[in-house]
Amino acid sequence: MLFFFLQVKSFSTTGEVDEWLSNNRMHVPGALHFSEVNASVISYGLQTNSTPLAKRGEFEDPTLKFQIPLQIAAEREIARSLIGDPNFRWTVELKEFPHPAMETLSAIALVGPTFFLAIAMFSFVFQIGSLVSEKELKLRQFDFFLNNNFAVVFLVFFLFQLNMVGFAFMLSPFISKSSSATTIGFSIFIIGFFTQIVTINGFPYSDTFSQALQNVWSLFPPNLLAQALKLLSDATATPEDIGVSWSRRTKCAPNDEECVITINDIYIWLVSTFFVWVVLAIYFDNIIPNASGVRRSILYFLRPGYWTGRGGKEKEGGICSCIGSAPPLEHITPDDEDVLEEENLVKTQAREGAVDPDVAVQIRGLAKTYPGSRKIGCCCKCKKTSPYHAVKGLWMNLAKDQLFCLLGPNGAGKTTAINCLTGITPVTGGDALIYGYSIRSSVGMSKIRKIIGVCPQFDILWNALSGQEHLELFSSIRGLPPPTIKSVVQKSLAEVRLIEAAKVRAGSYSGGMRRRLSVAAALLGDPKLVILDEPTTGMDPITRRHVWDIIESAKKGRAIILTTHSMEEADVLSDRIGIMAKGRLRCIGTSIRLKSRFGTGFIANISFTGSNNGLSPPNGDAVATTYQQESVKQFFKNRLDVVPKEENRAFLTFVIPHDREKLLTNFFMELQEKEEEFGIADIQLGLTTLEEVFLNIARQAELESAAAEGRLVTLTITSGASVQIPVGARFVGIPGTESAENPRGVMVEVYWEQDDTGALCISGHSAEIPLPDNFQPMASLAATTRNSVGRRGPVHGIVISPDEDLNPTS
């Protein structure tokens, strides 16, 4: 057979093929010869045109483009014919055979020497020409440095650089990003370049300008440098000039006819403005909000507490903002009995002044509210922000030698609560005692910082320092004895498996390595309280397990507060768990306690002896297995009224609600008696996962918040109608859907899901079904809704209570 690009031509003998190919050259890519064909053997041969053919400007290899694909297709079809399976196929891959690396032509090696030599020689030629010209014209001299006193010249440059350092510190509180700092730095350089040109030309250091103008001009450091260099240069303008000596620095410089300012005056200006910049830097750093939005009052230095070490009252918001009074936080009695019991216990201890020696941290009604403000922006525009309650009263005890895990969706208030405990953010209400020290007292806070270790949510590391240098620096800050720092650092690096990367810059670390370094820094100095905010983010499973072991061993002798989004991590490490949502503590207790109270129930897994590890059994066994599974499903349905959540040939999975718990003992005893009859190999019973508990708590909190805010979302049904419905509504009647077939209108069941932030959003809805007969017609319900609103607006769906007897007919 001959293969054209779009068709096939057949021949009887090989000779006919060769004759046709010789008469029709370059018409076909090749031929396929079948030499033997029977029921068990099909042999063939390939004949290809080895001449490459140009296609779209490129030559195609006949072997790769035709021969190998044809051979693969022929082998596949032969295999399908012999085994009788038309769907049989295999995957063939081509890989390049290993070979030594091929050397490529290097443009740098070929023309680089000549090119880079030309670049360097330009400056060399101009420089040597300039030097020889100065020598020829007798202009070359170094009198500026030779005739002026070395100390005089050195102090000019030294004090100028010192002044610029203070100037940079003064500007830094106004800049929030490093990219902006670079831009501002170059802007100051450009401004200084032009002001220096003006200064060298005599402005304003002459008798024609006022002293006030000269003083203002001297506040900019580059201007003083320019005037100093002008005086020193003029003092050595001719070979007869003696320059400025150390003893003559307070007198007029040689050739300075007006003598408005001396070198010594410039020294005084540079030193005095340096101290001005430092004082202003400290002042601005206190009154301008930091990264957490916290600042001191404008006149904070007038408060005695600031100078006595007792601190001062901190404020929030910008300088040009008017902070409104935050609305009072109403106390809400917890719905959960465990949270209420914990709150009552803490209140009783606080009221009686009782001190529990086993409690490391006692949180007493901790609250944080960001008040609303009016910020004055450009063009006198005011920007108003509403108050926000981030933490709404936490009451709980955290025991020593235990790990307390604080869970919650994004925005639940976990990080805000931790910032309040560490003093980063001032609290609005309540208090917390950490080993007896109050976080609301500046003296207590200074003592607390000495006994806690913190691994923040975002790594606070310097890219230029190595891991070892980081730990050595943090050890010195924590006050470890210098002789022990080296051994402590090496031990910490070994615990987090960073010995090999100890001297590598942190800027080259991966995300997981940076987190490990932050964990090691938090555990330095044997702190009594360790706060770990999502410590294992970005770690691989092996390293994560290793860090878990470190955290587990660190419990002894200290209390640990852990926040994480890994339910497995919380389940493994925690002694107690608290789940926050919308700023409130929703539940507290051990992992088993939370699963039993907030999970959907028990998980029962039933595996069968005839499952053959999930493989397809013989027909008889398959029928038996199916019969056994149906019997088990009927057994669960009759006695517990549950159906399988998941099933296959190997096992069945049932979710048993908590209200059936009293029936489980007799039920499983009876099921065990029927193991042989049902062909059951194994029965496993367990609680639901912590993740399911977390989702249930977050969902309930979101429903409460949406109901309180009256939040609505748009539901678009299959017919194209759109209605506004409350968040979380399950059964919704659709106004305007009355018809002869459905005179009362239709309704749908809405399905909800949670996004990454925990907010509820619509995932879908059921088919439209008629409204039950025991409800009013949709027209009257919609009219009632419009009358209550008072005006016609967006169409609102009618929420139907699921407690009603719906009984819809399809």
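Visitor: Is Cys259 buried, partly exposed or exposed?
Guide: In this predicted model, the relative accessible area of Cys259 is 24%. Buried residues lie under 20% and exposed ones over 50%. Because 24% falls in between, Cys259 is partly exposed.

Visitor: Which residue forms a disulfide with Cys259, and how far apart are the sulfur atoms?
Guide: A disulfide is counted where two cysteine sulfur atoms lie within 2.5 Å. A search of the whole structure finds one such link. Its other member, Cys252, is partly exposed with a relative accessible area of 33%. The link joins Cys259 to Cys252, with a sulfur-to-sulfur distance of 1.6 Å.

Visitor: Is Cys455 buried or exposed?
Guide: The cut-off for a buried residue is under 20% relative accessible area. Cys761, at 26%, counts as partly exposed. Cys455 has 0% relative accessibility and therefore counts as buried.

Visitor: Which residue of β16 stands opposite Leu433?
Guide: Strand β15 (residues 429-434) runs antiparallel to β16, and two bridges join them. Across this pairing, Leu433 faces Ser438.

Visitor: How many bridges join β28 to β29?
Guide: Strand β28 covers residues 731-734, and β29 covers residues 746-754. In β29, Val746 is the bridge partner of Ile734. The two strands run antiparallel, and the number of bridges between them is four.

Visitor: Which residue of β32 stands opposite Phe731?
Guide: Strand β28 also pairs with β32 (residues 798-800), in the antiparallel sense and over three bridges. Both faces of β28 are covered, with Phe731 and Gly733 buried on one side and Val732 and Ile734 buried on the other. In β32, the residue opposite Phe731 is Ile800.

Visitor: What kind of aromatic pair do Phe667 and Phe668 form?
Guide: The count of aromatic pairs comes to 20. In the pair of Phe667 and Phe668, the centres are 5.1 Å apart and the planes make an angle of 85°. Since planes over 60 degrees apart count as edge-to-face, the pair of Phe667 and Phe668 is edge-to-face.

Visitor: What accessible area does the nonpolar patch with Phe189 have?
Guide: Phe189 is placed in helix α6 (residues 178-200) and counts as exposed at 56% relative accessibility. The surface patch is formed by Phe186, Phe189, Ile190, Phe193, Phe194 and Ile197. Together they have an accessible area of about 660 Å².

Visitor: How far apart in space are Phe458 and Glu534?
Guide: Phe458 lies in the loop between β17 (452-455) and α14 (467-477), and counts as exposed at 64% relative accessibility. In sequence, Phe458 and Glu534 are 76 residues apart. In space, their C-alpha to C-alpha distance is 9.0 Å.

Conventions
Residues are numbered from 1 along each chain as its sequence is written. This is a predicted model: local features need pLDDT of at least 70, side-chain atom pairs count only at pLDDT 80 or more; totals for chains, interfaces and linings use all residues. Side-chain values use heavy atoms; hydrogens and water are left out. Buried means under 20% relative accessible area, exposed over 50%, partly exposed in between (1.4 Å probe, protein chains only). Two strands pair if DSSP finds at least two bridges between them. Patches are made of residues with over 30% relative accessible area and no salt bridge: like charges are joined within 9 Å, nonpolar side chains (Val, Leu, Ile, Met, Phe, Trp, Tyr) within 5 Å. Accessible areas come from the Shrake-Rupley method with a 1.4 Å probe; for residues, only the protein chains shown count as cover. A salt bridge is a side-chain nitrogen of Lys or Arg within 4 Å of a carboxyl oxygen of Asp or Glu. Rings of Phe, Tyr and Trp (its six-membered ring) pair if their centres lie within 6.5 Å; planes under 30 degrees apart count as stacked, over 60 as edge-to-face and the rest as tilted.
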